[in-house]
Amino acid sequence: MYIGIQMEKVKRTKIADLLSRTDYGTMVNVKGWVRTRRGSKQVNFVAINDGSTIKNVQIVVDVEHFNETVLKEITTGACVSVNGILTESIGAGQTAEIQAREIEILGTCDNTYPLQKKGHSMEFLREIAHLRPRTNTFGAIFRIRHNMAMAIHNFFHERGFFYFHTPIITASDCEGAGQMFQVTTKNLYDLKKDESGSIIYDDDFFGKQASLTVSGQLEGELAATALGSIYTFGPTFRAENSNTPRHLAEFWMVEPEVAFIDLPDLMDLEEEFIKYCVQWALNHCQDDLEFLNKMFDKGLIERLQKVVNTAFVRLPYTEGIRILEQAIADGHKFEFPVYWGADLASEHERYLVEEHFKKPVIMIDYPKEIKAFYMKQNDDGKTVQGTDVLFPQIGEIIGGSVREENHEKLLARIEELNIPMKDMWWYLDTRKFGTCPHGGFGLGFERLVLFVTGMTNIRDVIPFPRTPKNAEF
Ligand code: ATP
Ligand code: MN
């Protein structure tokens with residue numbers, strides 16, 4: 001019975017559950033991938049991981065009871081099923097181990113497996129993104145990523161927000177054409193054009209030019225002005241050719257939209273929301289955070305705790321510019337210029353957050369020229385009620401605003417900016433029929449996961465990153 005090819009059927013236990021069990025002497029089954037194997041001629045210790053936790057379970061293999069072919073196939077990366085007796089472990093740092101009775105090799109793995117040795121660079125692991133979830137690091141990151149998604153749904157559900165699905169294909173390009181990916185079924189080698197050379201879309205799938213969405217906000221506003229409080233959580237796409245550690249061409253965005261909210265309440269919501277997610281990670285992802293803290297970033301857990309326990313600074317843009325100008329006067333060097341009206345660069349945001357305040361900052365009241373058309377105009381005629389939440393290491397993690405609910409003011413701004421509104425009549429209808437004060441924000445999901453995992457490149461917190469010149473896997 002020790003060598004069974006046809007193994008006894010024992011119900012599988014996940015390693016996460018198994019390690020907390022104390023019913024020693026019970027026959028259990030685990031299935032997973034071999035991480036390491038060591039030992040002597042008499043006894044082998046095989047570490048198995050099944051992804052349910054960062055922890056491995058140790059399988060103790062009494063060599064003389066197993067057939068040589070099976071033993072030879074227990075190699076790093078191989079997939080095995082083990083029946084054995086749950087035993088109290090005497091080894092340090094583990095509670096239970098398994099005395100193997102039967103081992104079945106579900107999938108062999110030869111020495112061309114690229115994850116033989118530990119200590120690969122993050123760059124190399126990106127090239128094998130199909131296998132990197134099997135490493136400790138990426139297992140931890142993707143479990144945390146899942147937990148952040150759960151935290152987001154819980155946060156909003158508990159507060160009576162409805163999860164609203166906005167379209168991924170859109171025909172409105174008001175948020176900045178050029179940044180969008182086109183969706184077409186047209187034959188690109190044979191395009192129908194008018195006399196001026198513009199493409200005619202009437203024979204395209206949607207009968208007009210269509211793209212992948214850059215944000216669900218505009219449709220989210222339709223929902224908020226009916227259901228009261230909603231949020232979206234879905235993929236968004238930006239064809240911006242910015243090869244930075246904080247931008248992806250395909251990323252996930254969380255966009256709550258709330259009727260009857262004003263600027264102070266919007267800032268409270270932003271702060272409460274991020275703190276809830278970070279606290280969730282501290283509560284639910286302890287093992288994974290401890291691993292990342294030890295291996296990558298010794299300040300990680302402390303930084304997360306600090307964010308949860310610190311009141312975010314609320315800073316008008318004008319005041320922010322004054323602080324940055326003072327920094328320059330005191331000899332601080334920035335690459336990009338600072339003046340009232342400038343769009344702040346990441347270096348400016350990080351100076352304010354990491355050096356000046358040493359706290360997260362919610363910046364408000366931006367010059368209208370650098371913000372989107374839909375933001376509520378302040379009475380000064382110069383600024384709008386935008387709110388960006390700026391974070392240590394990350395820079396902008398949230399962009400939000402109170403929306404302009406006045407039909408005339410909104411139209412005037414749209415005309416001023418020459419925004420093509422012919423496809424946007426439905427958006428303007430919200431301001432015509434029972435308009436109401438409302439606002440919301442967009443959080444880049446991967447920026448949140450970046451912060452919580454302490455990773456430094458956004459390509460390492462999404463399973464299969466899409467960036468300029470890269471869509472492998
Ligand atoms: P940035 O200045 O960093 O490019 P943005 O001003 O273009 O950001 P918004 O349009 O306000 O960002 O989008 C809302 C949020 O979405 C941002 O605060 C950020 O967290 C996230 N985000 C924006 N662009 C990207 C991207 N290319 N990849 C990943 N996340 C993004
Ligand atoms: Mn951007």
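**Note on side-chain contacts in the predicted model**

1. A search of the whole structure finds 23 salt bridges. The model is predicted, and every value below is computed from it.

2. One of the salt bridges joins D460 and R126, at 2.9 Å from N to O. D460 sits in the segment after α13 (445–453), and R126 belongs to helix α3 (residues 122–127), so this contact ties together parts that are 334 residues apart in sequence. D460 counts as buried because its relative accessibility is 2%.

3. D203 and K186 also form a salt bridge, with the closest N and O atoms 2.5 Å apart. Both residues lie in the loop between β8 (182–183) and β9 (210–212), 17 residues apart. D203 is partly exposed, at 47% relative accessibility. K186 is buried, with a relative accessible area of 12%.

4. Salt bridges with shared partners join E221, E257, R403 and R431 into one network.

5. E158 and R159 meet through their side chains in a salt bridge of 3.5 Å, N to O. E158 is exposed, at 52% relative accessibility. R159 has a relative accessible area of 32%, so it is partly exposed.

6. Turning to the rings, the count comes to 22 aromatic pairs. In one of them, Y317 and Y366 have ring centres 5.6 Å apart and planes at 45 degrees, so the pair is tilted. Y317 is in helix α9 (residues 317–329) and Y366 in strand β13 (residues 361–367), so the contact ties together parts 49 residues apart in sequence. Y317 is buried at 0% relative accessibility. Y366 is buried as well, at 3%.

7. F334 and Y351 make an edge-to-face pair, 5.5 Å centre to centre with 90 degrees between the planes. F334 lies in the loop between α9 and α10 (346–357), while Y351 is in helix α10, so the pair ties together parts 17 residues apart in sequence. Both F334 and Y351 are buried.

8. A cluster of linked ring pairs takes in F155, F156, F161, Y163, Y231, F273, Y276, W280 and F441.

9. Two lysines deserve a look. K371 lies over the face of Y366, 4.2 Å from the ring centre. That tyrosine is also the partner of Y317 in the tilted pair. K382 lies over the face of W340, at 5.3 Å from the ring centre.

10. On the surface, I168, I169, F205 and F206 form a nonpolar patch. Together they have about 390 Å² of accessible area. I169 lies in strand β7 (residues 169–170) and is partly exposed, at 39% relative accessibility.

Technical notes
Residues numbered from 1 in each chain as written. Chains lettered and ligands numbered in written order. Predicted model: local features only at pLDDT ≥ 70, side-chain atom pairs only at ≥ 80, totals over all residues. Heavy atoms only, no water. Patch = residues over 30% accessible without salt bridge, like charges linked within 9 Å, V, L, I, M, F, W, Y side chains within 5 Å. Areas by Shrake-Rupley, 256 points an atom, 1.4 Å probe, with all protein chains shown as cover. Salt bridge = Lys/Arg side-chain N within 4 Å of Asp/Glu carboxyl O. Helix = DSSP H or I, 4+ residues; strand = E, 2+ residues; numbered from the N terminus. Buried < 20%, exposed > 50% of the residue type's maximum accessible area, 1.4 Å probe, protein only. Phe/Tyr/Trp six-rings, centres within 6.5 Å; stacked < 30°, edge-to-face > 60°. Lys NZ or Arg CZ within 6 Å of the ring centre and 35° of its normal.
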